[in-house]
Amino acid sequence: MDLKEMRAKLKKSLSETRYIHSLNVMEEAVKLAVHYNADVEKARIAGLLHDCAKNIGKDEEERLVRKYGIVTDDIQRQSSALMHSIIGMYIARDEYGVDDEEILSAIYWHTTGRPGMTLLEKIIFVADYIEPGRNFDVVKRVREYVYEDLDRCILLCTDSTIMYLIQKGKVIHPYTLDTRNDAVLTLSRKTFL
Ligand code: DGI
Ligand code: FE
Ligand code: FE
């Protein structure tokens with residue numbers, strides 16, 4: 001499937017605001033890939049498709065978990081916010097014909113992040129936060145660092161997400177905490193050097 005076909009298919013499966021968000025993330029991801037010397041075409045596709053499972057609904061979510069035998073933990077299962085990135089990887093692969101492991105992995109990890117993220121995974125994670133449609137306070141601070149230090153951005157994003165989840169009384173997935181701690185350690189190593 002070429003990019004034009006992907007866009008047309010995605011437009012039909014998402015709400016208008018979510019489709020616009022996807023195009024925005026795609027653009028931010030491309031700019032970051034150029035700046036950081038990552039693969040621009042992979043960033044473009046991962047950015048476009050990262051939320052392809054966002055609007056599928058609970059029944060379809062459960063059907064796909066059964067169909068693919070997706071293994072999840074209790075925290076993931078009770079949260080559609082956590083499931084959409086996991087299921088998104090399968091939809092990108094089987095419905096959009098994406099076979100590139102790096103793109104699929106960037107989609108899979110885009111919500112929680114993980115320790116030791118690849119450059120492409122970091123780019124999608126951060127692009128998702130800073131796209132022009134996002135307007136919460138921390139976003140402005142992240143934008144200041146985005147062409148300087150992606151690890152600093154990841155720390156700002158995860159700190160903000162963790163505080164938001166605590167405020168809302170929601171469960172924090174260990175991956176979110178691991179991503180945050182990994183960013184702290186990576187930054188402290190950079191300062192040391
Ligand atoms: O899909 P987007 O809205 O573009 O962004 P996203 O994929 O980063 O998802 C954000 C949502 O995910 C937001 O509602 C917070 C939620 N989330 C992120 N980390 C965790 C989480 N929810 C839970 N319960 N636990 C987490 O660790
Ligand atoms: Fe998402
Ligand atoms: Fe998103």
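Visitor: How are the donor residues of the iron ion (ligand 3) spaced in sequence?

Guide: This is a predicted model, in which local features need pLDDT of at least 70, side-chain atom pairs count only at pLDDT 80 or more, and totals for chains, interfaces and linings use all residues. Residues are numbered from 1 along each chain as its sequence is written, chains are lettered from A and ligands numbered from 1 in the order in which they are written, and side-chain values use heavy atoms, with hydrogens and water left out. The protein donors of this ion are His-21 (NE2), His-50 (NE2), Asp-51 (OD) and Asp-128 (OD), 2.2 to 2.3 Å from it; donors are N, O and S atoms within 2.8 Å of the metal (3.2 Å for Na, K and Ca), and sites may look incomplete since water is not among the atoms. Along the chain the spacing reads H-x28-H-D-x76-D.

Visitor: How many residues apart in sequence are the parts tied together by His-21 and His-50?

Guide: Both residues are donors of the iron ion (ligand 3). His-21 lies in helix H2 and His-50 in the loop between H3 and H4, so the pair ties together parts that are 29 residues apart in sequence. Helices (H or I, at least four residues) are DSSP runs, numbered from the N terminus.

Visitor: Which residue coordinates both the iron ion (ligand 2) and the iron ion (ligand 3)?

Guide: The iron ion (ligand 2) is coordinated at 2.1 Å by Asp-51 (OD), His-84 (NE2) and His-110 (NE2). The two iron ions are 3.5 Å apart, and the residue that coordinates both is Asp-51.

Visitor: Which helix gives the most to the shell around ligand 1?

Guide: Ligand 1 is surrounded by 17 residues, each with a heavy atom within 4 Å of it. Helix H2 (16-36), helix H6 (80-95) and helix H10 (150-167) each supply at least two residues of this shell. The most, 3 residues, come from H6.
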